[in-house]
Amino acid sequence: MNVRNEEWVFSDMVPQDLPELAAMVAARVRRQRRAVPILQTGYESPEAVAPLLENLMRGGGVCVARQNGRLAGFLGGWTIRRFLGDRNGVFVPEYGFGTDSCEPERQIEVFRKLYGNRIDVWRAGGWLHHAVITYEVETKLRDFLFYGGFGGVVMDAVRPAVAMRLPVPAGIRIREVKREDAAAMEAWRLLHDEHRVYMESAPVYLPPSDPIRMEDVVDWIGQPSHFAWIAEDVTGVAFAYLQLEPETDGTSMLVHDARNLAVTGAFTRSHVRGNGVATLLLDAALMRAQELGMVSVSVDFETRNTPALNFWTRHF
């Protein structure tokens, strides 16, 4: 049923809307790629966006806004149980919002209208936590969301796959983890599990998860293009790790590219943070990506994790 609000009309998306709405998402992508050219190129085309949006229409639900009879924008998201805590929520992916103009004031105006329409629907269904992906160039939209109560949860970042080739100081060893190296595998597993506990504690508070088992890391390292490194002192005590793989769930579609490798785990024990160890591990990952002919390396991290925020935004 259509809901009228002054000159605005809101309705469920129908297949006939798909080409125009996909073009709105493609315009957002083109704007972001102008700022960061190494991002994945495919989604600049409405034809590439259309399957994602069609899937969202059928599985998540999309609300379309018309102003004076013309399409002004849309908002849709995936409903997720126990999202960002114990409550159910809605996740609006980057292809879940678009407007007839990428001008910041217009984006904010249309989002305000659409969110005002959707919020009562989502709350009535028990979907109480809401998350929206924005691009780096959409600073005014992001500020609007931030001051409207959204805050920050996760940030994706990308950089060229160009190594720094830093000298490794005496007393530190950067050691690649190999499946047949039992000592390195166990050191990596222990650090991985410390990382899990750290992420479940203040200030990040990720939901509790099972301890990391040896079979978990053996299975992971055995997969194609999965790499891990540890940093250790002269006595062989490991105090940091970093791992790299082709793709990770939940990140921007603009880094889902065969020419990209993703950092999917990194942790440094508190007593050695700030000594450049994490940078050395990152450099090892960049060297491997460059050797393999990758164009970029990406990472995603929780913005509540202050040490991670400081580190990744310095290098990406």
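Author: A crossing is right-handed if the near helix is turned clockwise from the far one by less than a right angle, and left-handed if anticlockwise. In that sense, helix α7 passes helix α8 in a right-handed crossing. The contact (heavy atoms within 4.5 Å) is made by Ala-278, Thr-279 and Leu-282 on the α7 side, and by Phe-311, Trp-312 and His-315 on the α8 side. Sorted by class, this contact of α7 with α8 holds four nonpolar residues, two polar ones and no charged ones; Ala, Val, Leu, Ile, Met, Phe, Trp, Tyr, Cys and Pro count as nonpolar, Asp, Glu, Lys and Arg as charged, and the others, Gly among them, as polar.

The model is a predicted one, in which local features need pLDDT of at least 70 and side-chain atom pairs count only at pLDDT 80 or more, while totals for chains, interfaces and linings use all residues. Residues are numbered from 1 along each chain as its sequence is written, and side-chain values use heavy atoms, with hydrogens and water left out.

Helix α7 covers residues 277-291 and helix α8 covers residues 306-315; they pack at an angle of about 45°, and their axes lie 12 Å apart. Because of this angle, α7 and α8 are oblique to each other, a word for what remains once angles under 35 degrees (roughly parallel), over 145 (roughly antiparallel) and 65 to 115 (roughly perpendicular) are set aside.

Turning to the strands, β3 (residues 62-67) is mostly covered, with five of its six residues buried, that is, under 20% relative accessible area with a 1.4 Å probe. On one hand, five bridges join β3 to strand β2 (residues 8-12), the two running antiparallel, and here Phe-10 has Ala-65 of β3 as its bridge partner. On the other hand, six bridges join β3 to strand β4 (residues 70-76), again antiparallel, and Arg-66 stands opposite Leu-71 in β4. Two strands count as paired if DSSP finds at least two bridges between them. The hairpin of β3 and β4 has two residues between the strands, and Asn-68 takes a positive phi near 55° there.

Elsewhere, an open sheet is formed by three strands in the order β5-β6-β8, with mixed pairing. Its edge strands, β5 (78-80) and β8 (127-132), each pair on one side only, and the twist averages 25° from one strand to the next.

Notes. Axes fitted to C-alpha atoms, helices over the stretch in contact; angles between N-to-C directions. Helix = DSSP H or I, 4+ residues; strand = E, 2+ residues; numbered from the N terminus. Buried < 20%, exposed > 50% of the residue type's maximum accessible area, 1.4 Å probe, protein only.
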